[in-house]
Amino acid sequence: MTETVERYIGTSVPRKEDAALLTGKAMWTDNIKLPGMLHFALLRSPMAHAKVKSVDVSAALSQPGVVAAFTGEDFVDDFAVGVPCGWIVTEDMKIPDHWPLARGEVNHVGDGVALVVAEDRYMARDALEYIEVEYEELPAVVDVEAAMEDGSPLVHEEFGTNECYVWPMAVGDVDEAFANADVVVEGRYIQQRLIPSAIEPRGVVVNPDPVNGGFTVYTSTQVPHFVRDVLSGMCGVPAHKVRVVAPDVGGGFGSKLNVYAEEALALAVSRKLGVPVKWIEDRSENHIATIHGRGQIQNISVAATSEGKVLGMKVDLTADMGAYLQILTPGIAIFGAFTYPGLYDFGAYSFSCTGVFTNLTPTDAYRGAGRSEAAYAHERIMDDLARELGMDAAEVRLINLIEPFDEPRTVASGVQYDSGDYERCMRKALEIVDYDGVREEQKRRRESDGVMQIGIGIGNFTESGGLSPSKVAAAVGLGGAGWEAATVRMLASGVVEVVTGTSPHGQGHETAWAQIAADALGVSPDDVEVLHGDTAIAPFGRDTYGSRSLPVGGVAVHLAGGKVVEKARRIAAHMLEAAEDDIEFEGGTFSVAGSPDRRVSIRSVAGEAFLGVNLPEGMEPNLTADHHFDPPNFTWPFGTHICVVEVDTETGKVTIPKYVAVDDCGPIVNPEIVNGQLHGGIAQGIGQALYEEAVYDEDGNPLTSTWLDYMVPGAPEMPNFTLDQTTTPSPTNPMGVKGIGESGAIGSSPAVMNAVIDALSHLGVTHMDMPASPMKVWRAIEDTKG
């Protein structure tokens, strides 16, 4: 009788992380308390653009509990360089100085001007009121199109222009495609600025080590290895003397994929004073000092036949950089260049992006960065094309889908998608949502001229996950490598330790990586401990972002586990006095082929490896292995999201009675974790479509500086999600996995907006920009009445 071997990949193993999170035992950055620790607070510019004539901190120094106060000039010798940009998209890209505290000029509301160090944060904040700053206000520019007009105020006068870069690309004969088209449809869509709004604002604690001259940096970050390397370069401290720890991190969504001024200031202040220091961001600071997402104007056109077959596409973006370039700012819009063709099969494509400086908070990565914006544009234009031709929105998509493929194929943007079966995925979503039934109900409501109208919208998408192969990163000017590292070791006790270079902040790596290691080694996930987020424990790593954790970091764990098994196989063969080729491994046990009674467990092998006595000649003791995985290509998860909305035509209120998402992320390690990632991503996409927008007045003053003004949706605003999957393994890695972390945020916003416009199209509404607030919807309806 064959024994059943338990497998954990593909099952919803309960998350190891949740017990601490749910019982208040998590360790957030603000929970860290060190002996003698001081706190600092920043005085931030109330003006979007001004010369700083003078800063006087003397009165602040006399306030209770204040220990020190500093201006930008006090740090001239502390920073070799300013906050760096890591994505150089063109050779002539303009990069302004970005010092942690302003030196002579502020360029957006929230720019740091001075800081106060005190015994607690409240004393530090109170003392900020006593700092006297003389500003000479300068004209500000907040609109990207206005910033490119002649005579516009200049954000950085030394450049003589607000243009940061122009990045073009073209594949195929675009002019011929448009000349031969029966119809050309043009769209102009706005990607409004978004505030990432992680539940835990940023924070940092720096503890100096007087013995070795190093520093331990605790910071709420997605990228501890990036922080180590950047702080080393900025502050002139050797990288091996900078230990960075990411404790429990309360969300990131790309906003913590950065190295910020406050982290550098914390190290510099700690070095000056020789004591631990802490800075914790408040929510109002978060809205102006942490990066914003999106911020683009998208001009897109498609050429098609009268039957709806797309022949070519043109995309022209204007991307808002904000006042400075953070680590990935200039590359975010360009990253989407490769996915504007979506799931559709055509041969001619051109793309151009102009990066523009404004006097606003810098933009950077936000969940789905670049890919979400691309999906929104190509799905909006597909609906516009369908309306132009009098075709159904689903029909025009189905006739343009790329045929199924299981090996890499080159697409319109010139990149290679790894595998896909897009029609199967889309038809499954159409069936689950009852597309024809919704259309029939829509027809009935329109005929009755009722107040409550319904619409249905589709969001097809793919994204470049598994960010990123090192050679590809270098080719597009992205500094740094794209590999990921893992160490797997089985201790003499049989307990397995996994050290990963990824740095989770809600993704469930402690659980999923334990499942991967457990299946590789034939043990229980309960016997696997995953170590992460500490550069002293995991010195090699490229961290967590870009849907890369599983297809790069998880695969590294899988491959390191395989190396452990192969070493154990050699030891088992030696212990069983058998040829290595005759040794079989299943369910944590090695046995001799044809002699199943001759067996030894991998735990016993680990004990033997630890003792080091009875090992093959020349073999090192212990069962441990490293693997650094650099994928040959991105992975390309994809999906179809379909949203049904109900619109009150008297008030403009939009509700979502039905939302269906069918995603394909390759084989799934933990279904519940996948569902959780999708829930969060879809919620953020719905937030962009219906609620969220960072708004400024013409002088660059933020009008959404608190959650009273910036509408983050909560659970009551969310529908129930119906989730399903198809499975198309990726050939780019041995697990076939693709990643899921950003998919929900990519497919959702176009599905929702297409549904809103579809609900009102019979009234003459054919366009609306996000967010589709009740007022905006109501006005769109009223505008059709003449």
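The residues that line the largest cavity comprise 9 nonpolar, 7 polar and 3 charged, where Ala, Val, Leu, Ile, Met, Phe, Trp, Tyr, Cys and Pro count as nonpolar, Asp, Glu, Lys and Arg as charged, and the others, Gly among them, as polar. The model is predicted: local features need pLDDT of at least 70 and side-chain atom pairs pLDDT 80 or more, while totals for chains, interfaces and linings use all residues. Residues are numbered from 1 along each chain as its sequence is written, and side-chain values use heavy atoms, without hydrogens and water.

The structure holds 3 cavities of 30 Å³ or more (on a 1 Å grid over the protein atoms alone, a cavity is a set of points where a 1.4 Å probe fits but cannot get out; lining residues have an atom within 4 Å of a point). The volume of the largest cavity is about 180 Å³, a volume being the space filled by probe spheres set on grid points joined across faces, edges and corners. Its lining has 19 residues, of which His98, His108, Ala261, Ala289 and Gln326 are the closest to the centre. Two elements, strand S1 and helix H7, each give two or more residues to this lining (helices are DSSP runs of H or I of at least four residues, strands runs of E of at least two, numbered from the N terminus).

By class, the lining of the second largest cavity has 4 nonpolar, 4 polar and 3 charged residues.

The second largest pocket has a volume of about 500 Å³ (a pocket is an open set of points with protein on both sides within 12 Å along at least five of seven lines). It is lined by 22 residues, and those closest to its centre are Val142, Asp143, Ile190, Glu693 and Ala694. Helix H4 (144-147), strand S8 (183-194) and strand S13 (293-304) each give two or more residues to the lining of this pocket. The largest share, 5 residues, comes from S8. The lining of the second largest pocket divides into 9 nonpolar, 4 polar and 9 charged residues.

Seven strands form an open sheet, with the order S3-S5-S1-S12-S9-S10-S11 and mixed pairing (strands pair if DSSP finds at least two bridges between them). Strand S3 (66-71) and strand S11 (242-245) are at the edges with a single partner strand each, so one side of each has no neighbour in the sheet. From one strand to the next the twist averages 20 degrees (axes are lines fitted to C-alpha atoms, for helices over the stretch in contact; angles run from 0 to 180 degrees between N-to-C directions). Strand S9 (residues 203-208) runs antiparallel to strand S10 (residues 215-219), and 5 bridges join the two. In this pair, Val206 stands opposite Val217 in S10. Helix H6 (residues 224-235) packs on the sheet, where it touches S10 and S11, and its direction makes about 150 degrees with that of S11 (contact means heavy atoms within 4.5 Å). Helix H7 (residues 261-273) also packs on the sheet; it touches strand S1 (38-44), S3, strand S5 (112-118), S9, S10 and strand S12 (277-280), and its direction makes about 30 degrees with that of S9.

A further open sheet has 4 strands in the order S21-S20-S19-S25, again with mixed pairing. Its edges are strand S21 (528-531) and strand S25 (623-629), each of which has a single partner strand, so one side of each is left without a neighbour in the sheet. Here the twist averages 15 degrees from one strand to the next. Strand S20 (residues 496-500) and S21 are parallel and share 4 bridges, and Val499 stands opposite Leu531 in S21. Helix H16 packs on this sheet and touches strand S19 (484-490), S20 and S25; the direction of H16 makes about 145 degrees with that of S25. Helix H17 lies across S19 and S25 and runs at about 100 degrees to S25.

The axes of H16 (residues 549-576) and H17 (residues 602-611) come within 10 Å and cross at roughly 90 degrees. In this contact, Ala568, Ile571, Ala572 and Met575 of H16 meet Ile602, Ser604, Val605, Glu608 and Ala609 of H17. The contact has 7 nonpolar, 1 polar and 1 charged residues.

Two backbone features lie in loops. Most residues other than glycine have a negative phi, and most peptide bonds are trans. Asp449, which is not a glycine, has a positive phi of about 55 degrees; it lies in the loop between helix H13 (435-448) and strand S18 (452-462). The peptide bond from Met770 to Pro771 is cis, with omega near -10 degrees, and Pro771 is in the loop between helix H19 (743-760) and helix H20 (774-783).
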